[in-house]
Amino acid sequence: MEKSDERLVCEEKSISKYPLTMWEVSAAFGVVFAYGLGLLGVYLTMPSSDYSFLKLPRTLDDLQILRDHLESYTSDYTLQVLVGYSVVYIFMQTFMIPGTVFMSLLAGALFGVFRGLALVLFTATAGASSCFFLSKLIGRPLVFSLWPDKLTFFQAQVAKRRQNLLNYMLFLRVTPTLPNTFINVASPIVDIPYHIFFLATFIGLIPAAFVTVRAGIALGELRSIGDLYDFQSIATLFLIGIVSVTPTLMSKN
């Protein structure tokens, strides 16, 4: 057994004996409180109105209702909408809340392809980074309890590809080989340097983000989320992923 695998086994045993400390729990609640303050600040700067429509979209119908209400606010209160959108998206990424695909569609619907893409890349990378550092602080028990097999596989793959780690991380970001949520949480556990994580996240999310943001412009034509990724789109993402990981494969020969 390699040293890295032995370290993971030892950490798993120690985690079962020593849960989160009070300081770690307090730090996590502090992060939640900070995001809450950010949302409250945005709310207080908005005009008096009925905001009952404001909720996280769970269906395309929810998203279209939210888009219809926010379009007028976006033109008159652009800064507030941008800040509110960013805080919500980063919060969802940080705490692994499902539904960011709807937020990406919303960015395209409200801001167009290029501004929407820039916004999604910023918020997705910031949210993934926030999740990375929060996991580094308190994430080990969660990863070991939820994804023990995936973590062992991930650790082994990272250990084999240390010399071309950026290419491997790009491959993971572009393709659905491992869930992005898992990558965000597990990366600090397996000692992936943050600069590698950051670059792979920012660059690797561009293809999928572009597809989703562009689809947001024609939101009314979507019938399901599955329409976003047809065979051609998935094949293209895998092709990009294979190109990104080619230097890693060649180095093994």
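Is Tyr89 buried or exposed? Tyr89 is buried, with a relative accessible area of 4%; buried means under 20% relative accessible area, exposed over 50%, and partly exposed in between, with a 1.4 Å probe and protein chains only.

## Basis of the report

This is a predicted model, in which local features need pLDDT of at least 70 and side-chain atom pairs count only at pLDDT 80 or more, while totals for chains, interfaces and linings use all residues. Residues are numbered from 1 along each chain as its sequence is written, and side-chain values use heavy atoms, with hydrogens and water left out.

## Salt bridges

A salt bridge is a side-chain nitrogen of Lys or Arg within 4 Å of a carboxyl oxygen of Asp or Glu. By this rule, the model contains three salt bridges. One of them joins Lys55 and Asp62, with an N to O distance of 3.9 Å. Lys55 is exposed, at a relative accessible area of 53%.

Arg67 takes part in a salt bridge with Asp68, at 2.8 Å from N to O. Arg67 is buried, with a relative accessible area of 15%, whereas Asp68 is partly exposed at 46%. Arg67 also forms a salt bridge with Glu71, where the closest N and O atoms are 4.0 Å apart. Both Arg67 and Glu71 belong to helix H3 (residues 60-76), four residues apart, or about one turn of the helix; helices here are DSSP runs of H or I with at least four residues, numbered from the N terminus. Through shared partners, the salt bridges join Arg67, Asp68 and Glu71 into one network.

## Aromatic pairs

A pair of aromatic rings is described by the distance of the centres and the angle of the planes. Rings of Phe, Tyr and Trp (its six-membered ring) pair if their centres lie within 6.5 Å; planes under 30 degrees apart count as stacked, over 60 as edge-to-face and the rest as tilted. The count by this rule is 14 aromatic pairs. In one of them, the ring centres of Tyr85 and Tyr89 are 5.9 Å apart and the planes stand at 45°, so the pair is tilted. Tyr85 and Tyr89 both lie in helix H4 (residues 78-94), four residues apart. Tyr85 is buried, at 5% relative accessibility.

Phe132 and Tyr194 also form a tilted pair, at 5.5 Å centre to centre and 55° between the planes. Because Phe132 lies in helix H6 (residues 113-138) and Tyr194 in helix H11 (residues 194-204), this pair ties together parts that are 62 residues apart in sequence. Phe132 is buried at 2% relative accessibility, whereas Tyr194 is partly exposed at 29%. One aromatic cluster is formed by Phe132, Phe133, Tyr194, Phe197, Phe198 and Phe202.

How values were computed
Helices (H or I, at least four residues) and strands (E, at least two) are DSSP runs, numbered from the N terminus.
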